[in-house]
Amino acid sequence: MERLTRRRFLGGAGAAAATAALGPPARRASAQAKPLKIGLVLPYSNVYAVLGESITEGMRLVFERESWTVAGRKVELLREDDEVSPQVGLRKTKKLIESDAVDFLVGPVSSGVLAAIRDTVHQARQILIVANAGNDEISRERCSKYIFRASFSNWQPNWPMGAWVAAHVGKEAHLIAPKYSAGFDMMKAFKETFVPAGGRVVGEDYTPFPVNEDFAPFLTKINQAAPRVVYAFFSGSQAVRFVRQYDEFGLRARSKLCGAGFLTETDVLPAEGKSALGIITGHFYSTLLDNPTNRQFVREFRETFKKTPDGFAVQGYDTAQTIVHALKATGGDTQNKDRLIEAVRRVEFDSPRGRFRFDPKTQNVIQPFIYIREVREVGGELANVVIDQVANVKDPGTGCTLPG
Ligand code: BEZ
């Protein structure tokens, strides 16, 4: 017979109390014995492949700590590659909801994919924890009570940067980003504070997405205009290409490159190399944050995956922590949707980025800080060194009033 440890005993008692409203004991027992299925709709190929891997690794770290069992339910991750394509993402989402009957859906990375799957998720009453895609509309006019975002809205890292860049770098900026909703959202948020702070946008370009090998036509234009600042959003393999080509064009010395943190996150820094030195970005995280949760996270991540974690791994970690905390609060029950949604809303914990909690109005994470970071060499490695910060950055969404 299995020995009942104090920890197991207390866990069992808590679970019984929390599920008291669920119905006859026999039904409860069989429902709870079922594995917890988490469907991942993430890119494992194309421009954002590394982002999908990082998010998955961050989640694995949390479930490893929990020995892959939460509130008595064995955790199963079902991976689907959305290929950064709205059509593929929608097909894979339908499969995870309809055929696999997942308890939680996690993902996607691209705003384009999230826009495509939003209505399907909402109509199916499927709880989705967004682990990257930042489209502002999901915290605003297209919100859903079934959708939470543990990453960021596109507005969040860029809005504080506008005023900061105008005050500390320069008042003439050329903006450049990929031609899809994330690029548009991010540049719009930057302008919201850059222009009132006396900044002038002297040029604006939107580049092919998801495939673009060559930034030369855009860099030629920037070279001729010679603005004081270039403000950019690129991520994944496009960030590497852009930062390298920017340096090859000799623009680094003349036009200060600034942008959204994804441009120099730890996933891309090694490939960007010295071309990234001096770039200033806004982001909710830096590997160098000196708090106990981050120190433990970075150490365990390095031990497990033999590399340094990035902000996307933090998003995966926070997504998994959200699931773990909510599930423990319901004693493992995922059948009662309203109760599970309420449990997710109340989740709070220490994350590597600081205290994690959702804004009840938008169900989007409140960023404890947006850090202004500069790429410098630290101990022989490139890192995003925090040079300033803005506290408590909430998306301005005013509340989800769409019918449930
Ligand atoms: C987006 O599509 O929302 C996105 C993709 C990569 C990094 C940040 C945002």
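## Polar contacts across the domains

Seven residue pairs, both partners at pLDDT 80 or more, are in polar contact between domain 1 and domain 2. A polar contact here is a pair of N or O atoms within 3.5 Å; within protein, one must be able to donate a hydrogen and the other to accept it, and residues adjacent in sequence count only if both atoms are side-chain atoms. Salt bridges between domain 1 and domain 2 come to zero, taking a side-chain nitrogen of Lys or Arg within 4 Å of a carboxyl oxygen of Asp or Glu as the test.

This is a predicted model: local features need pLDDT of at least 70, side-chain atom pairs count only at pLDDT 80 or more, and totals for chains, interfaces and linings use all residues. Residues are numbered from 1 along each chain as its sequence is written, and side-chain values use heavy atoms, with hydrogens and water left out.

## How the domains meet

Domain 1 covers 2–152 + 290–365 and domain 2 covers 155–283 + 369–393, with bounds from an automatic or database domain assignment. Their C-alpha centres sit 30 Å apart. Domain 1 puts 22 residues into the contact and domain 2 puts in 20 (heavy atoms within 4.5 Å).

Together they bury about 1700 Å², with 52% of that on carbon and sulfur atoms (accessible area, 1.4 Å probe, lost on putting the two parts together, summed over both).

## Around the ligand

The ligand has 16 residues around it, and V109, S110, S111, G134 and Y180 are the closest (a heavy atom within 4 Å). Ligand oxygen atoms lie 2.6 Å from a polar side-chain atom of S111, 2.9 Å from a polar backbone atom of G134 and 2.5 Å from a side-chain N or O atom of Y180.
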